[in-house]
Amino acid sequence: MTPTIFWLIVVAVMLICEIFSMGLTTIWFSIGAVVSAITSVFGAPLWLQIMLFCVVSVVVMLLVRPFAMKVIDKNRTKTNVDALVGQQVTVLETIDNQKEIGRVMLNQVEWMARSTENVVIEAGERVKIDSVSGVKLMVSKGE
């Protein structure tokens with residue numbers, strides 16, 4: 001088997017893995033393998049092909065993946081508890097992490113709440129939901 005055939009097989013395997021994972025995990029190695037296959041066609045030594053495979057794969061992953069993930073996440077619809085993050089709610093019962101008390105009203109349902117800033121938040125104040133921890137909303141003072 002020639003190095004070019006080997007690199008093309010690596011490309012195919014990585015693309016198949018990417019199709020099944022759908023998480024932008026192996027596409028970068030496919031790109032690195034394409035570069036190595038091209039250098040193989042031009043007669044580059046094996047050590048250079050391997051080095052280019054590693055370097056190109058890592059560089060492309062580090063440079064392109066963050067941008068690609070932002071684009072993908074922008075088009076994703078939040079569901080369930082992910083949809084709660086960022087919403088503004090009103091404090092029903094003073095939130096005090098030390099006393100382990102605090103409630104907020106969200107969509108006509110009362111939730112236990114705790115402050116992410118570890119400060120006391122009085123009843124009636126508006127807060128922003130930062131995350132969900134079990135059955136508690138983790139909130140911070142709203143803007």
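Strand β3 (residues 109–115) runs antiparallel to β2, and four bridges join the two. Helices (H or I, at least four residues) and strands (E, at least two) are DSSP runs, numbered from the N terminus, and two strands are taken to pair if DSSP finds at least two bridges between them. This is a predicted model, so to speak of local features takes a pLDDT of at least 70 and side-chain atom pairs count only at pLDDT 80 or more, while totals for chains, interfaces and linings use all residues. Residues are numbered from 1 along each chain as its sequence is written, and side-chain values use heavy atoms, with hydrogens and water left out.

Back to the sheet. On its other partner, β2 pairs with β1 in the antiparallel sense over four bridges. Here V104 stands opposite V91, and R103 in β2 stands opposite E93. The hairpin of β1 and β2 has four residues between the strands, with E100 at a positive phi near 55°. β1 also pairs with β4, again antiparallel, over three bridges, and V89 faces V127 in β4. As for the faces of β2, G102, V104 and L106 make up the covered one, whereas I101, R103 and M105 make up the uncovered one.

Now for the packing. In soluble globular proteins, nonpolar side chains tend to be buried together. A nonpolar core here means a set of buried Ala, Val, Leu, Ile, Met, Phe, Trp, Tyr and Cys residues joined through side-chain atoms within 4.5 Å; buried is under 20% relative accessible area, exposed over 50%, and partly exposed in between (1.4 Å probe, protein chains only). The largest nonpolar core has twelve residues, among them L84, V89, V91, V104, L106, V127 and I129. Two or more residues of this core come from each of β1 (88–96), β2 (101–106), β4 (126–133) and β5 (136–141). The largest share, three residues, is from β1. Setting aside neighbours within four places in sequence, L84 is in contact (heavy atoms within 4.5 Å) with L106, W111, I129, V132 and L137. A second, separate core has seven residues, including W7, M14, A33 and A37.

W7 turns up again among the aromatics. Rings of Phe, Tyr and Trp (its six-membered ring) pair if their centres lie within 6.5 Å; planes under 30 degrees apart count as stacked, over 60 as edge-to-face and the rest as tilted. That rule gives three aromatic pairs. F6 and W7 have ring centres 5.1 Å apart and planes at 70°, so they are edge-to-face. F6 is partly exposed at 41% relative accessible area, whereas W7 is buried at 4%. W7 and F53 form a tilted pair, with centres 5.2 Å apart and planes at 35°. Because W7 lies in helix α1 (residues 3–21) and F53 in helix α3, this pair ties together parts that are 46 residues apart in sequence. F53 is buried too, at 17% relative accessibility. F6, W7, F29 and F53 form one aromatic cluster.

Helix α3 (residues 46–74) also holds R65, which is partly exposed at 28% relative accessibility. Not counting residues up to four places away in sequence, R65 touches G23, L24, W28 and V60.
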